[in-house]
There are 4 protein chains.
Amino acid sequence: MIVVVKKEHEQKQFDNLVKFIKSQGLEVDVSNGAHTTILGLVGDTSKVDIDLLLSLDIVENVKRIQEPFKCVNRKFHPEDTIVEVAGKKIGGTNFNFMAGPCSIESEKQIISIAEEVKRAGASFLRGGAFKPRTSPYSFQGLREDGLKLLLKAKEETGMPIVTELMSVNHLDLFKDVDIIQIGARNMQNFELLKEVGKTKKPVLLKRGLANTIEEWLMSAEYVMSEGCKDIILCERGIRTYETYTRNTLDLSAIPILKDLTHLPVIVDPSHASGVAKLVKPLSLASVGAGAHGLMIEVHNDPKHALCDGAQSITPDAFGDIVKSVNVMLPIVNKDLQL
Amino acid sequence: MIVVVKKEHEQKQFDNLVKFIKSQGLEVDVSNGAHTTILGLVGDTSKVDIDLLLSLDIVENVKRIQEPFKCVNRKFHPEDTIVEVAGKKIGGTNFNFMAGPCSIESEKQIISIAEEVKRAGASFLRGGAFKPRTSPYSFQGLREDGLKLLLKAKEETGMPIVTELMSVNHLDLFKDVDIIQIGARNMQNFELLKEVGKTKKPVLLKRGLANTIEEWLMSAEYVMSEGCKDIILCERGIRTYETYTRNTLDLSAIPILKDLTHLPVIVDPSHASGVAKLVKPLSLASVGAGAHGLMIEVHNDPKHALCDGAQSITPDAFGDIVKSVNVMLPIVNKDLQL
Amino acid sequence: MIVVVKKEHEQKQFDNLVKFIKSQGLEVDVSNGAHTTILGLVGDTSKVDIDLLLSLDIVENVKRIQEPFKCVNRKFHPEDTIVEVAGKKIGGTNFNFMAGPCSIESEKQIISIAEEVKRAGASFLRGGAFKPRTSPYSFQGLREDGLKLLLKAKEETGMPIVTELMSVNHLDLFKDVDIIQIGARNMQNFELLKEVGKTKKPVLLKRGLANTIEEWLMSAEYVMSEGCKDIILCERGIRTYETYTRNTLDLSAIPILKDLTHLPVIVDPSHASGVAKLVKPLSLASVGAGAHGLMIEVHNDPKHALCDGAQSITPDAFGDIVKSVNVMLPIVNKDLQL
Amino acid sequence: MIVVVKKEHEQKQFDNLVKFIKSQGLEVDVSNGAHTTILGLVGDTSKVDIDLLLSLDIVENVKRIQEPFKCVNRKFHPEDTIVEVAGKKIGGTNFNFMAGPCSIESEKQIISIAEEVKRAGASFLRGGAFKPRTSPYSFQGLREDGLKLLLKAKEETGMPIVTELMSVNHLDLFKDVDIIQIGARNMQNFELLKEVGKTKKPVLLKRGLANTIEEWLMSAEYVMSEGCKDIILCERGIRTYETYTRNTLDLSAIPILKDLTHLPVIVDPSHASGVAKLVKPLSLASVGAGAHGLMIEVHNDPKHALCDGAQSITPDAFGDIVKSVNVMLPIVNKDLQL
């Protein structure tokens, strides 16, 4: 960490600053330039309060040099983390599809989709029981009942399941869930992150709507510092000024994350775009960018059928994506997990 | 709500679509244009699932005409809401200062700041007990102990208090808190919003880091639809590409909100800018934009003193802001609540 | 186009509004809903001034239904545009690499890079003569002299060239340039767009730093409405709050553009990321998303060599990207143009 | 400037790096930390190519400490710049209104508005002759004819005029224009900035749609480094994800700019919001934030009158804003220039 000291300052202020920094267990290298004096803070700076330093009269600027995250940092853990769930491997050279409906609607629906996506090549079943909705008047999911149906589908098909947790109050219900998903809107729900971390269950952590890569990794750090080792990051699009898509999928984040962290990174192209015909090109793009997997919404909902020709991804369309991805995987040194 | 139908479609699809819409209790006006057919949906469209309609093959576009919020909508409640707390009025022509430290640190600190901000013109004491921090290694607040100190300061000074709730698990601790603050990172923590709404206590709802005005009002709708009538909105800056400030204070939101909703709107210029010297100009700007109050961080922290000359807002600087604001209030037809 | 009329209005205002719209050669369908009256404007609405309509007291909202662009609109030109330059085809099922140095520095440099990228698989040579730089103190390119060197490299290697035009004053110098590039910062320099369109030379139009897809297509419309038929769109990253990358590459734009327009779309992963190690993954991602080509910066600059080990893309690294892309092209139904 | 060197590097690379930096006339302070080696670059670093440094294998990070702008930097010119135009002073403790129509439409229109805004308190007449429009099909202004009408209004009323220049080709037409406006879309049209700077006429430089404060100041630096001393900055809103307003007015930029530069800063609340009823609150907010003036669109257009009750700012509404601002000016230590 670098602290830039203002040109005009009293010696006493300067001595106090150095003393204050040293009191936090750090060493200080002083570099006197023509226009500025710079302090190099040596040691573990991850607990230094930058805002406090910036608030001091004598300080012109503070720049972090080391990343503020440790457990998730590839520098301190160079090997890829491989998350093992129910015999499936996520991360490294493994590529996984997690597929299923946006919302769980009935036993028949969830079991039949599960069977179809399994046949098409999905290794995990996803499905929403608790649904975060912008409006209190929108369908909030079948909640506890939905979770039971999802567990039934797991039992029937043998597929491990991923589903979203929205409140610490529901943790008990999630004990047979294989991967607990933390949604974008809860990425900085720190109390929830801590509690989930304590369960040591695998966590799929979606990127917040408008969160930086660094904040995302800091949220993963919250989970990991409670003892959970199995975290999967999931890019799902960020908020920008563009309105043709619901969100802008940030695929540059994939190679950056692979550099910064040892954790696996997957992509959810369904939520990012909000448009079914974008799912295939964005799936292939995600593979090209180096993703370890894809989470895709697949429907076969009779409600849609009522109005003929819903544009959502059907099991067939999903199968087509799996086939194209499978042809592409050798180019990026990955294998499909089935 | 307007549904634009694709030029090429089968009559059966069209009939199914109209039937489907009518099945939701709506009437449909059909308008046949040269290039497009447009359906006008008449009735209460707040529960219509736009995403479902957009997913239909026959639908080219769906545009909402009415706002999706009802309880908080000025159209259905033209009078300003005046939130009354401990004899203080918030909203309408009343202007309030909520002031206090970022974090509660000790009994002496919180009580002495409380006395000073009260003397300077604050009507509410704010202070952080539970602190949402990006890093798990940063100080997380004194938590339950901090809350006790804040309640002691309330007792000593008679000032009503505002403080942030981060988890449904802590609700019991908040029964003597006058206004429950929901922070930016929890603005879309829907499970928390519902529980807070049920308490019917006054709620101060901060705008999310990157949330639209509409999403913010929908979150207020979550609280209000559970029975809580006393909601105060608080603008605190949104995330943009600009890096000179921590966030970009969106003051255009103030007059827009006053048009859309009957709820009071205040501004937090401290968090928005992250820079003490911006607090006064942004406070005056907020008053000019029409805010009903200001929430300002005031420190007199001995830790800062250690390093001479912390730049934070002192009680004196806060008093200076109150004085300038007070001179300005008649121009915007408001009175200071003491 | 839809005009939503305010609930409370006088009949005279309404009649005036309808008369005013009809005076612009449009027909009006009136749809009376329970809460709102909606006008459907039928005919060519591309010249309607939405801002003027929105400024009328009686108007609550105006929503565009048809896209505001015509020449570039796939609806009116369903076939892919194939831009033919010097025997090379851009667009459709053709895939092109445009490669070369950021700045042209010397005859030796540009000719040797040209030869190397040609050998590796590039069909076009790119190189900056006029350089848009944020700072007036940064190197502004060799300008006219650089252009002469680029033309020499064209002569020596037979490669067609692409280079950026920054001012109408320089148009004469560009008569032997094969494709005129309009940079991101000039995407809405409308006077320049008009003049370039008049030359009828092929134009490569980069997306502006923070421009929407619609604005980008409207800028292409400026060029095309002056008579130029050969426009190539180039996505190069948009401005977001994320700071790990210089810009956020918006790959969702590729499939969206292929839907909206018949023009070819390529991607520049070098400028988007600003980091050499991201170029390969983002190149593969672009191919997956459906791009018609890639524009890549390739260096072999001795100045870099001075300091050992510059991280920029070397001709070898470029050759490696071409090879991987070439393996991938059949999956997206494209062929490499050489 | 700080260069962070990678932990693993060869001594030869390090020596080459230091030699390379010194070859640019800079001194280097080396600071060896536990995890990183940091170089402090001492001297005039405004011409150092950060991208080049970042591209070196041995370099982990480069952080700028000094601002990259010089002429416009308050550090090197502590006194406020007062731009004097036709006897009016802009900057310092002076407050100016620039008012007039969006587009010049006829002699009668421009002269009558000029007289009205002058009477109401405007010191400058603004009016668009060359209009930057997103669509080639929208009205592009009366162009050269519009400019003649504006000059006639100047002659009739004695008001100095401000109007936008869009191309170097039009410079000759602008010789009697008092302040040349550079619009948001041309803020980084560097060739135009250079030519305008050479004329030494006062320049009003609008902030680009999505440009940072630093980029904006660098564009001012382009103009100033050509010899022009009279630059006025104009905040007009930036692009964000929010859609209720056309742009988000960034009022935090005002106090930040007053700290960074000696140049006057005004605000255009009309373009920022796109909504007439926001103009007054945003005007007062701008004054509170410390602006040196306001640029406001005022209409009395008969075309609007056709449809009864256009919502635009009339001369009366403008007069009302001037009155409120005038009452507020003493609070921010400013005086109205008439």
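Residues are numbered from 1 along each chain as its sequence is written, and chains are lettered from A, with ligands numbered from 1, in the order in which they are written. Because the model is predicted, local features need pLDDT of at least 70 and side-chain atom pairs count only at pLDDT 80 or more, whereas totals for chains, interfaces and linings use all residues.

Between chains A and B, 46 residues of chain A are in contact with 46 residues of chain B (C-beta atoms, placed from the backbone, within 7 Å). On the chain A side, two or more residues are given by each of α1 (11–22), α5 (190–199) and α6 (213–224); helices here are DSSP runs of H or I with at least four residues, and strands are runs of E with at least two, numbered from the N terminus. Helix α1(A) provides the largest share of this side, five residues. By class, the side of chain A that touches chain B comprises 19 nonpolar, 17 polar and ten charged residues (Ala, Val, Leu, Ile, Met, Phe, Trp, Tyr, Cys and Pro count as nonpolar, Asp, Glu, Lys and Arg as charged, and the others, Gly among them, as polar).

Within α5(A), the buried residues are Phe190(A), Glu191(A), Leu192(A), Leu193(A), Val196(A) and Gly197(A) (20 or more other C-beta atoms within 10 Å of the residue's own). These buried residues pack against β10 (179–182), β11 (203–206) and α6 of chain A. Just after α5(A), Lys200(A) adopts a positive phi of about 60°.

In chain C, four strands form an open antiparallel sheet in the order β2-β3-β1-β4 (strands pair if DSSP finds at least two bridges between them). Strands β2 (27–32) and β4 (59–63) of chain C stand at the edges, each with a single partner strand, so one side of each lacks a neighbour in the sheet. Antiparallel pairing of β1 (residues 2–5) with β4(C) extends over four bridges, and Val4(C) has Asn61(C) as its bridge partner in β4(C).

In chain D, the axes of α3 (residues 107–120) and α4 (residues 144–157) come within 9 Å and cross at roughly 40° (axes are lines fitted to C-alpha atoms, for helices over the stretch in contact, with angles from 0 to 180 degrees between N-to-C directions). Helices α3(D) and α4(D) are therefore oblique to each other (angles under 35 degrees count as roughly parallel, over 145 as roughly antiparallel, 65 to 115 as roughly perpendicular and the rest as oblique). Their contact has six nonpolar, one polar and five charged residues.

How values were computed
Contact = placed C-beta atoms within 7 Å. Buried ≥ 20, exposed ≤ 12 C-beta atoms within 10 Å, placed from the backbone.
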